[in-house]
Every structure is written in C-alpha cells, then in structure tokens.
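Good morning, everyone, and thank you for making time for this. I would like to take you through one structure slowly, so please have a look at it before I go on.

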Amino acid sequence: MSLVVLGLNHHRSPVELRERLAFRPEAVPGALTELHRQLDKAGVAILSTCNRVEIYANHNTASAQRLSSGASAFLSRYHDLPEQAFQDGLYQYEGAETAGHLFRVASSLDSLVIGEAQILGQVHDAYLASQRGQVADKVIHALFQKAFAVAKAVRSRTRIGAGNVSVSSVAVDLAASIFMDLAGKTVMVIGAGETARLTLKSLVERGVGNVLALNRSLEKAKAMAASCEGEPVAFAELGRRLHRADIVITSTAAPGFILHPAEFQDALRQRDYAPMFVIDIAVPRDVEPAVAELDNVYLYNMDDLEEVVAANLDERRREMAHGMAIVERGVEQFSRWMHALEVEPAIAAMADELDAIRTRELESTLSNLPDLTEEQREEVRYLTKRIVRAILQSPMTQLKHEIRHHDPHTVLHLVKRLFGLRDSP
Amino acid sequence: MFSGRPRVLFAAERGNDMLTAMDIAFYAGAALYAGAALISLYYLREANRRALTLSVGFVMAGALCLVATFALRWAGVKRLPLTTVADVLSLLTVLTSILMLWLIRKENVRPLLCFYLPPLAAICLANATIARPDLHEAPRALPGLPLTVHVGLAFLAYGLFYLAGMTSMAYVYQSRRLKQHRTTGLFQRLPSLEELDHTLFRAVKLGYPLFLITLIFGALWARVDPDLLGAHWWLAPKVVLSFAMAAFYALAFHIRRVGRFRGPKLAYAVFFGFALFLTSYLVLALTGLRSYNFWGSF
C-alpha cells in the first residue's frame, strides 16, 4: 500500500507559480476524476488554497514513486506547464510522513499565519470534494478524518489560535476586553485611512451601534458615514462630540496632534468617567501620548497594535511544540491503523490456509469412514469448522491487538512460524 | 448565658479517634474546595472553559458537604453553631460560595473563580487543619434573635465585600495590563473591564445595605441587653471599625453611583479598603481588643 502527498506551498514556491498550479473550486471535481483515472483508480484528494497546492493519493499496489511521478505529470498536463517549471519547489512525503504533513496543515502548524482557522475549512472542502466525486478510498477517508480529529485536538488543547494577528481584529479584541458588549457602543472615526476603515468595518460587524464619522472634508465624512449607516460630523465638532465616543479611531494626515489630554478630561467628565478606547493609527500620530496617562483612557497607536500582533504571533509560535506533540501522537495512531490494514490480507490468507489444513485432514478422515451418511458427514464438517473457529477466535483477536501495538510484520511472521504456515508473498 | 456542654456523643468523648460522619463531611468539603481552586487555576493555564464548569460543580459539592457538617453539628448540639472558629469559617465559606455562584451566573464572568476560589480554599484547608478541634466543642449559645440575625447578615456582607475585593484585584490587573499593552496570556482569559466594574459594583451594592442592617441589628441587640456589651459598647474598637467600614463603602458606593469615581481608582480603593478592614479585624481578634466592653475594662 502506498500513500503519498505531492505539492508546493508558500515556504518554497513563489505566488506566481502557486497561482499557475492552483485549482479553481469549480474545477476540482473534474480534476479529481481525471487524476483518479490517470493514477489507475487510486484514492485521491486535491487541496488547493492560496498558499498551497497538494495532491494526496493512495494505491493498494502501485509504488509510491509511481504515484508521485503520476501526480506530478498530472499537474503538468492539467495546467499545461512543463514539470521542470515547478520541480524545484515540489515536496513529497510517503506513508506516515504524508499523514504527519496533512495533520500539520489541517492544524494550521504549517500555515503562513500560524494558528489561522481558515485552513481547516479548506481541508474539509478538499475531503468533501473527494468524497462526493467517489474518488476517496478507505485510506483517504481515514487520513482526512484523523486530520480533522488532530486539528480539533490541537485547537482545543493548545493556544495556537489565541489572540488575533491582524491590526483591525486586534483592535476589535481590545475593544471587547474593555467593554462588556459592543452593541450600543459609539465609535468615532476621524479621517479616512484604509486601516481605520477596516477596523471600523470589523467593529460594525461585531455589533457596534453608532458611528460618528469626522473628516476635514464633510463630503468624505458623509461617504464614510454612508458606508456604515453612521452620522457625518463636521471636524469642528470634534471637541463637543468626543464624550459620546466609547471608541475613537483616528487616522488623519494632520502634521501634529489633534487630540490632547484636556479634551479627553472634558469628555471623561461628561461621560461620568466611563472608559474610552482610543486607536490612533495615524502617522504622524493624532493623539498626544500624555492622553495614555489618564485613568479610564486606553490609548493604542499603530506601533502598540503591531506589538500586540507580534506578541500574539509569538504566543502562537510557543504553542507550536504542544501542537506538534499532538500531531505526532496522531501520526503514530494512524500508522498503527495503516499497518493493521496492510496485514489484513495476510491474516485472511492465514485463516484460509488453516481452513485448507482442516479440509485436507477432514476429507482424509472421512474417506476412512465410508459408512457415514451424507448427513453425518455434514455434521462432522460443521463440527470441525466450529472447533477451528473456537480455537482461533482468541488468538486472532489477540493477533489484531498485537499488530496495532507492535511491528505487524514481525508479529505476523511469528504467528506463522508458530502454526508452521507459509509466508505469503 | 452559657448553659454548659450539651450531652452529645462525640468520637473524642467515646475515647477513640474514629471519624464521625460530620468529620468526613467537613474534610470532604475542604478537599472539594481545594480541588475547585486547583481546577480554576488550571483554567488560567489551559483556557479550558470546561474547567470552570467543573470548578463550579466542585464548589457546589463542597458547599453541600459544609452544610451537612453544619446540619449534623446543629442536630448534635441542639443549638445554632455560630461561635467557634470552625463554625464561623465554614458558614462564611458556604455563604460566600452562594453569593459567588450568584455573581458568576453569567458565563463570561466565570473566570473570576480564579480570583475568588484560592483564598476560599486556603480558608477551608486552614479550617480543616487548625480549627478542626472546635468541631468537637459545644458552641456558646447566641443570646436572642437580633444577634443571630446580626451574625448571619454580617457573614453575608463580609462575603460580598470579599468578592468585591477580589473582583477589584482582577480589575486592577486587567486595567494595568491594558495600559501597558501586555494583552497576551492571563489577560485574554479574564472578563472585560466593564464586566468587572459591573460585578464589583453589584457586590458592593448588595453588601453595603446588608452591612447597614447588620449594624442596626447589632445596635438593637445592645439596647435589648445593655448588660451584655457594657455601657460604652459603641466606643469598642470593633464597633468603631465597623462604622468606619460602613462609611467607607457608603462613600465608594455613592461616588461610583454618581459616576465621579470609577475605574482603577475605585478598584484600588475597594481592594485596599477591604484589605485594611480585614487586617484590622484580625489584629483586633488576635490581640483581644475585640471586646465590646473594651473601654469599661480600663
């Protein structure tokens, strides 16, 4: 039995190459059917994301080398690209290493942004496509099912997905750690920078109730307000309206500070010292740093947010070792299952051989008992079958158990020697 | 006032060290609280929400064990056991636990168990090791209903002030981490600042009136039985401290209510206020200055 993965990803291949070899979602079913046919009815799955293109294949008789070269040729033919063009970036794994690779991918331990959750959905889609196209064999099914279980364990038992890793989502997280419920809170967005727009969008998606859009140009303020059903406010109103804002996002191109401690002190007084979260993503900064020293004002500038992103990424990296340990355990379990699967035909052959011995000896004995009626002969045949089955029941159960926990070939060889049976090819 | 030791068969009286059902319930209660605290700390490490649910289960089981201890003891001595250290600590733990479960009924504030439970577990363990012999002593009888109500309400108020104090600690921690931009690890596992502020205020809002009623019942008790506390009971250090505590919480409660004083400053004040009063009570208790007839003894 040969299980392989062949592919390229963001670690070793540039985006120009990855996009040439990517499969559009609607093209995957057709590609799977063609791949299945070209690899001599092998079980196959295609995982195609913006960061990786991978082909998983399993065949009961073909060698791993044949499967890999077949998959590589398929990629070349399907995308009309010579194999030499992507050979350098290709990687391939066989057997248990294939499982280890998929488990790392599904658990987001191999992602560009470690711990991102999207990849598990993409792996799931790859599996569903293979299943729907009826090109997933027993091993491919088991491989992906195990990958989901491992990924779930990694996500739930480690902090690999803890903390957001984009500036806008970090800002939303921070807002949620200050306010009990973002619904009903008011956001004041000053300026119209792209990050400010993204942060505002994330906050609105999380249910922020009111948006006040300020800009030196009232037209721009109106445009920003219209994008999120907010209220445009003239820039001159800033000081008078500041107290209404629970969250302030500033992103103007002003050369100096536009907000000072005095304005925040006034605002705090007017809002009964309820906390304010200030996100200053302007460069140069809009908010005087001394504002951070005021009680109940939490000021974050671009550097601070990026520091939080870096700290979250660090924490995710630190969790990688725990995740890897879970993956290794998963690989071990999957390998044992594979080994057990590999020796299943051998066990069946052994049972057949024992049955052949029974039949031979039985017929020899029956030939010496000519007086027995056909009914009695059948009874004796049935009796011998029952005896052999009863004798073998416990050893076979034990054998399967031993195969799962030890080297299956050694165990099987030992049993065959014990019973004086031939080694099957 | 003290009518002698009632006729109760305790294991010690029978001349053996056999554990009674009451002992077993008492120890089981302490062990369950210790378990609950450890599980809540495990949440801090693994951020596993199920740990908090399990911790709540342990607290409930522990509280039931302590209630069983209390009931067995009450049935044994035929009077409300409220005067020995072991009884006081057990009852205080149970009442605080009930209030705590009420405060953390919303799932997002449940991580506060990590702050509430370790000191409670430490009290339970200290009770089980140091104060345990009290369980085999008959308690003094409390003279009259006003005093019984006074003690019960005082326990409830202390429980709430304790919970407010620990919540304020969590608030200060979260607020400092936010100010310092250190927002990984433990920070991510605790409730939002606004949630902490609401929980803190809720505890003080309920604790303060209870404490006031406690003081009123105490004063009633002193009027009903003037010989019991002496002529100058209102000048006793414990009474003065209680009134100071009532004034402090009234001030904090009022200022928070009108919105002039909230956030880290209020949290610091509630925490240090509680710590100061607790220390003062302990000093009074350990030095014997707790007597109501303090000035009469000079």
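Let me start with chain B, where buried residues make up 40% of the 298 residues, and let me say at once that what you see is a predicted model. In its secondary structure, chain B has 10 helices and zero strands. Of the contacts in chain B with a separation of 6 or more, 83% are accounted for by residues 24 or more positions apart.

Let me turn to one pair of helices. Helix H1 of chain B, residues 21-46, and helix H4 of chain B, residues 113-129, have axes that come within 8 Å and cross at roughly 150°. Angles over 145 degrees count as roughly antiparallel, and H1(B) and H4(B) are therefore roughly antiparallel to each other. The crossing of these two helices, H1(B) and H4(B), is left-handed. Where they meet, H1(B) contributes residues including Phe26(B), Tyr33(B) and Leu44(B), while among those from H4(B) are Leu113(B), Leu117(B) and Cys124(B). Sorted by class, the residues of this contact of H1(B) with H4(B) comprise 19 nonpolar, three polar and no charged.

What, then, of the other chain? Here 17 residues of chain B are in contact with 22 residues of chain A. On the chain B side, the elements giving two or more residues are helix H5 (145-179), helix H7 (193-224) and helix H10 (264-287), and H7(B) gives the most, with four residues. By class, that side of chain B has four nonpolar, eight polar and five charged residues.

Methods
Residues are numbered from 1 along each chain as its sequence is written. Chains are lettered from A and ligands numbered from 1 in the order in which they are written. This is a predicted model: local features need pLDDT of at least 70, side-chain atom pairs count only at pLDDT 80 or more; totals for chains, interfaces and linings use all residues. Two residues are in contact if their C-beta atoms, placed from the backbone, lie within 7 Å. Ala, Val, Leu, Ile, Met, Phe, Trp, Tyr, Cys and Pro count as nonpolar, Asp, Glu, Lys and Arg as charged, and the others, Gly among them, as polar. A residue is buried if 20 or more other C-beta atoms lie within 10 Å of its own, exposed if 12 or fewer, and partly exposed in between; C-beta atoms are placed from the backbone. Axes are lines fitted to C-alpha atoms, for helices over the stretch in contact, and angles run from 0 to 180 degrees between N-to-C directions. Angles under 35 degrees count as roughly parallel, over 145 as roughly antiparallel, 65 to 115 as roughly perpendicular and the rest as oblique. A crossing is left-handed if the near helix is turned anticlockwise from the far one by less than a right angle, and right-handed if clockwise.
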